[in-house]
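Visitor: Please show me the structure, and then let us go through some questions about it.

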Amino acid sequence: MDKKAIDLPGATGGDLSAVPFPDLIAEMIRRLGDDPEREGMAKTPERVEKSLRFLTQGYGKTGQDAVGDALFTECHQNMVVVKDIEMYSLCVPSKQIVNAVGGAKQAARVGVGDRLWTLHEGRVVQTTVEEVSSHQVRELVEVETDEGMFRVTGDHPVATPSGWVEARNLEGCAVEWTEPRSLHRRRFAPVVGYELGYAVGAICSDGTVGDRSISLVVNDHDFAERFAGCLARAFGVSPHIQPVTRPSGFLERDVPGFRVRVVSSYLADLMRMWVGGDAHHMRQAFPRVVLNSRDCMQGFIDAYVDGDGSRVTANTGSVVVSANVPFLEEFATAIDARFTPSRRAASQLYIADRWNQEGWYGKHGFLQEDHRTTLIESRFVQVRAVRPVTADGKKPFRVYSYQCEPYPTFLVGGHLTHNCEHHLLPFFGKVHIAYIPDGQIMGLSKAARLVDVFARRFQVQERLTDQIAQSLWETIKPLGVAVVIEAYHLCMMMRGVQKQNSKTITSAMRGTFLEDHRTRDEFLRLTASVHRSL
């Protein structure tokens with residue numbers, strides 16, 4: 001290496017801490033191939049120093065510093081929204097060994113174009129490696145969880161219930177994880193409508209949910225045929241109807257029947273999620289996913305009547321039967337029907353054909369709800385220990401960093417981590433903040449100062465979003481907090497994929513905004529541009 005490139009004034013034994021910052025910038029310019037002393041460049045090192053210090057002035061400050069004493073006592077609980085706070089920040093690195101599509105790979109074997117597994121809102125999805133880089137370090141940390149162990153650099157962000165946390169600080173935390181052995185299974189995006197409701201209703205009334213399959217065994221061929229057809233249209237599967245024999249306790253002999261069975265651990269887990277985790281008929285909860293539309297609810301009712309009910313004599317409605325009283329109570333509430341449990345035998349719920357008309361029974365009629373139709377495949381597992389790992393001898397560790405699209409995250413042994421790279425290029429955009437006070441409000445200008453405290457650091461957008469929300473949550477202790485950031489990343493616009501119009505949207509919710517979808521929807525409506533993007 002050129003002697004001039006390493007012989008910096010003030011450097012002793014490779015220690016650069018005493019080297020003036022402008023001299024370091026001048027050395028960087030020199031290594032890039034330019035002369036920092038030529039005309040027009042002489043003041044560049046000082047200007048770069050001022051710019052970096054301005055961009056990173058959030059270090060050493062806290063959310064409490066931003067809010068200060070600007071807190072006021074108020075008794076109202078109206079939503080306070082501060083929109084369009086301008087923001088810019090910087091990207092930082094992350095690197096590690098990953099779960100790749102086709103099988104786990106060591107970091108050194110991952111290349112551009114490889115697909116990696118990741119999680120997005122609890123769903124297992126794929127992301128593609130656009131760029132790979134590597135460097136050497138002497139220090140790693142070993143993270144042990146209830147479901148495995150992995151090694152990463154200490155600053156590697158890992159997903160926790162409170163947002164992205166650096167690996168070195170994971171002691172006592174829980175981290176997001178999914179079962180690696182299930183990564184390769186086929187996933188389904190159900191079509192909401194009559195067919196989905198019918199398929200769910202048939203399973204709830206007369207079906208079986210196994211570890212890796214769902215099935216329905218009935219005497220009526222028409223019922224089996226309707227169920228198979230609805231499964232096919234709702235999920236895109238190809239079920240077959242098989243003749244079988246089944247025991248009859250009433251006749252005390254086997255009778256002919258028909259079985260419809262689909263082998264899919266994903267559909268089995270999805271059904272368990274919809275009925276509260278336990279698909280047993282006496283313990284299942286009412287699957288509120290069918291409230292996504294009137295047609296879906298009608299399909300559910302028709303299937304339940306076909307499986308465990310009948311039409312009434314007057315032909316004005318139907319009756320369904322179950323010994324699961326909590327299930328019927330929730331069913332009745334969903335359609336605004338009257339229900340009185342039986343004290344002696346299985347209970348009955350009468351469903352009028354006019355169940356979905358407003359004013360029937362003198363109340364609201366059918367109220368549509370929005371419920372998730374895809375499976376939540378992740379859960380949080382406890383971190384047992386975080387141990388430092390130091391390279392022995394002269395050979396350091398080599399760690400790898402991946403730039404991925406469309407998701408900037410990937411899995412390490414099933415654990416969700418982040419991979420935003422150290423381009424030192426700004427990302428910029430707007431921050432939208434809302435909170436519902438619980439006795440205290442803050443000055444509106446303090447919201448912008450709070451954003452600056454965390455934005456003006458080396459950052460990733462996901463961590464920035466969570467830090468703003470958590471700081472506000474802890475500082476003024478409101479009933480709820482919501483933060484949404486819309487940002488453009490120069491690392492995507494200037495280099496790599498060079499996508500000029502790609503916008504990244506992240507959100508973090510606390511309290512009421514997390515627990516009440518109506519409050520969350522109101523906030524998103526008030527920030528209309530974000531709502532359209534979402």
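Visitor: How many bridges join strand β4 to β18?

Guide: Strands here are DSSP runs of E, at least two residues, and helices are runs of H or I, at least four, numbered from the N terminus. This is a predicted model, where local features need pLDDT of at least 70, side-chain atom pairs count only at pLDDT 80 or more, and totals for chains, interfaces and linings use all residues. Residues are numbered from 1 along each chain as its sequence is written, and side-chain values use heavy atoms, with hydrogens and water left out. Strand β4 (residues 123-137) and β18 run antiparallel, and the bridges joining them number nine.

Visitor: Which strands stand at the edges of the sheet?

Guide: Two strands pair if DSSP finds at least two bridges between them. The open sheet of three strands has the order β3-β4-β18, with antiparallel pairing. Each edge strand has a single partner, so one side of it is left without a neighbour in the sheet; these are β3 (115-120) and β18 (397-405).

Visitor: Is S378 buried or exposed?

Guide: S378 lies in the loop between β16 (347-352) and β17 (379-390). Buried means under 20% relative accessible area, exposed over 50%, and partly exposed in between (1.4 Å probe, protein chains only). S378 has 15% relative accessibility, so the residue counts as buried.

Visitor: Is R283 buried or exposed?

Guide: R283 sits in the loop between α7 (265-274) and α8 (294-308). Its relative accessibility is 52%, so R283 counts as exposed.
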